[in-house]
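Please look over the chain shown here, with attention to its overall fold, its charged pairs and a few individual positions.

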Amino acid sequence: MSLHSIRPWRDISRRKSRQIMVGNVPVGGDAPITVQTMTNTLTTDVAATIAQVQAAADAGADIVRVSVPDEDSSKALREIVPEVSVPIVADIHFHYKRGIEAAEAGAACLRINPGNIGDEKRVREVIKAARDHNCSIRIGVNAGSLERHLLEKYGEPCPDAMAESGLDHIKILQDNDFHEFKISCKASDVFMAAAAYQQLADATDAPIHLGITEAGGLMSGTIKSAIGLGNLLWSGIGDTIRVSLSADPVEEVKVGYEILKSLGLRHRGVNIISCPSCARQGFDVIKTVETLEKRLEHIKTPMSLSIIGCVVNGPGEALMTDVGFTGGGAGSGMVYLAGKQSHKLGNEGMIDHIVEQVEERAAQIEAEAVKAAE
């Protein structure tokens with residue numbers, strides 16, 4: 001059998017990295033690229049934080065980060081961690097003791113910012129707590145909080161300064177014989193972040209956490225993240241991602257998955273292929289797609305659905321999707337199943353029928369997977 005890809009222009013060769021564990025979730029190596037988000041509730045509001053973590057998990061988040069700014073927040077982690085289904089990363093800034101407390105409270109990973117956590121002695125104490133409580137660590141370099149000596153050296157935040165910060169702190173962890181770490185070097189500037197990540201990718205085999213920090217609102221932040229993360233992922237860099245949006249954390253998860261799905265790196269749920277619509281459309285494409293996106297959120301099985309307004313591209317797109325609908329004339333269109341014409345369908349009631357077809361196909365895919373595993 002040939003080892004060459006059928007479609008080599010779609011191949012992405014992932015950078016080789018070590019694998020670490022964040023709780024029960026592998027990050028790096030040959031593990032799937034994981035999707036993360038972060039809560040924006042007050043961590044001390046235990047019920048609200050648990051609810052937001054679970055909503056993110058239901059949307060597909062593999063890992064969720066929680067801010068731990070004070071002692072009450074680290075105490076709250078003791079109640080939060082046992083009640084959620086995904087590993088919790090404790091976000092630590094300024095006070096190293098919060099890192100120690102978070103490790104004791106059950107956090108799966110500690111995110112520390114080299115620019116503001118303090119001197120090496122304090123970092124060593126956090127390392128000891130992480131080791132004692134089986135936590136991993138994320139070194140989180142940020143262009144907005146670089147160490148003073150690096151800013152004096154380079155004059156301003158830049159990729160070289162960010163990479164040097166990250167490598168300096170990797171050395172501290174390695175000198176203390178701690179290797180369960182990943183690293184990020186985020187900036188709101190797409191060019192700066194991408195260049196810094198490329199430097200780190202060449203200099204270390206540590207798993208890399210990708211993100212464009214402070215990317216903006218749902219629309220602008222999605223575009224900025226897609227450009228920055230997409231560029232790096234396409235070049236094989238990245239083991240876990242977080243899309244930073246001024247929006248509901250669930251939206252971050254959705255955008256993260258869409259970025260991965262667009263590159264064929266991760267598949268979850270229904271990938272809807274739809275046209276932008278025009279005067280040729282045989283039904284209201286935009287409204288139909290908006291409705292279907294909501295109606296199909298419960299489907300986790302990776303599959304594809306084409307919704308095309310007319311016969312110019314509709315039949316061709318349907319050939320490559322699990323379920324398809326192509327608009328025709330006289331208030332009806334054609335349903336395609338597994339790439340083949342199946343039956344005509346009137347526009348009235350089409351959404352319910354398409355949802356049923358997708359659910360049936362998802363069940364079939366799952367059954368086939370179980371049979372194959374047996």
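The report below moves from the whole chain to its salt bridges, then to one serine and one surface patch.

This is a predicted model, in which local features need pLDDT of at least 70 and side-chain atom pairs count only at pLDDT 80 or more, while totals for chains, interfaces and linings use all residues. Residues are numbered from 1 along each chain as its sequence is written, and side-chain values use heavy atoms, with hydrogens and water left out.

**Overall fold**

The protein chain has 12 helices and 15 strands, where helices (H or I, at least four residues) and strands (E, at least two) are DSSP runs numbered from the N terminus. The C-alpha trace spans about 75 × 45 × 40 Å along its principal axes. Because a compact globule of 374 residues would have a radius of gyration near 21 Å, the 23 Å of the protein chain agrees with that expectation; the radius is taken over C-alpha atoms, and the globule rule is 2.2 Å times the number of residues to the power 0.38.

Of the 374 residues, 51% count as buried, a class that means under 20% relative accessible area, with exposed meaning over 50% and partly exposed lying in between (1.4 Å probe, protein chains only). The accessible surface comes to about 17,700 Å², of which 52% belongs to carbon and sulfur atoms; such areas come from the Shrake-Rupley method with a 1.4 Å probe, and for residues only the protein chains shown count as cover.

**Salt bridges**

A search of the whole structure finds 16 salt bridges, each being a side-chain nitrogen of Lys or Arg within 4 Å of a carboxyl oxygen of Asp or Glu. Three of these pairs are set out below.

| Pair | Closest N and O atoms |
|---|---|
| Arginine 65 and aspartate 91 | 2.7 Å |
| Arginine 98 and glutamate 101 | 2.8 Å |
| Glutamate 252 and arginine 242 | 3.0 Å |

The salt bridge between arginine 65 and aspartate 91 links distant parts of the chain, since arginine 65 lies in strand E4 (residues 63-67) and aspartate 91 in strand E5 (residues 88-92), 26 residues apart. Arginine 65 counts as buried because its relative accessibility is 6%, and aspartate 91 is likewise buried, with a relative accessible area of 5%.

Arginine 98 and glutamate 101 both lie in helix H3 (residues 96-105), 3 residues apart, or about one turn of the helix, and both residues are buried.

The salt bridge of glutamate 252 with arginine 242 links glutamate 252 in helix H9 (residues 249-262) to arginine 242 in strand E10 (residues 240-242), 10 residues apart; both residues are buried. Elsewhere, Arg14, Arg15 and Asp239 are linked in a network of salt bridges.

**Serine 306**

Serine 306 has its place in strand E12 (residues 303-308) and counts as buried because its relative accessibility is 0%. Its side chain makes a polar contact with the side chain of threonine 321 (3.1 Å). A polar contact is a pair of N or O atoms within 3.5 Å; within protein, one must be able to donate a hydrogen and the other to accept it, and residues adjacent in sequence count only if both atoms are side-chain atoms. Not counting residues up to four places away in sequence, serine 306 touches several residues, including Ile273, Glu317, Val323 and Phe325.

**A nonpolar surface patch**

Met219, Ile223 and Ile227 make a nonpolar surface patch of about 340 Å². Patches are made of residues with over 30% relative accessible area and no salt bridge, with like charges joined within 9 Å and nonpolar side chains (Val, Leu, Ile, Met, Phe, Trp, Tyr) within 5 Å. Isoleucine 223 lies in helix H8 (residues 218-234) and counts as partly exposed because its relative accessibility is 45%.

Key
Contact = heavy atoms within 4.5 Å.
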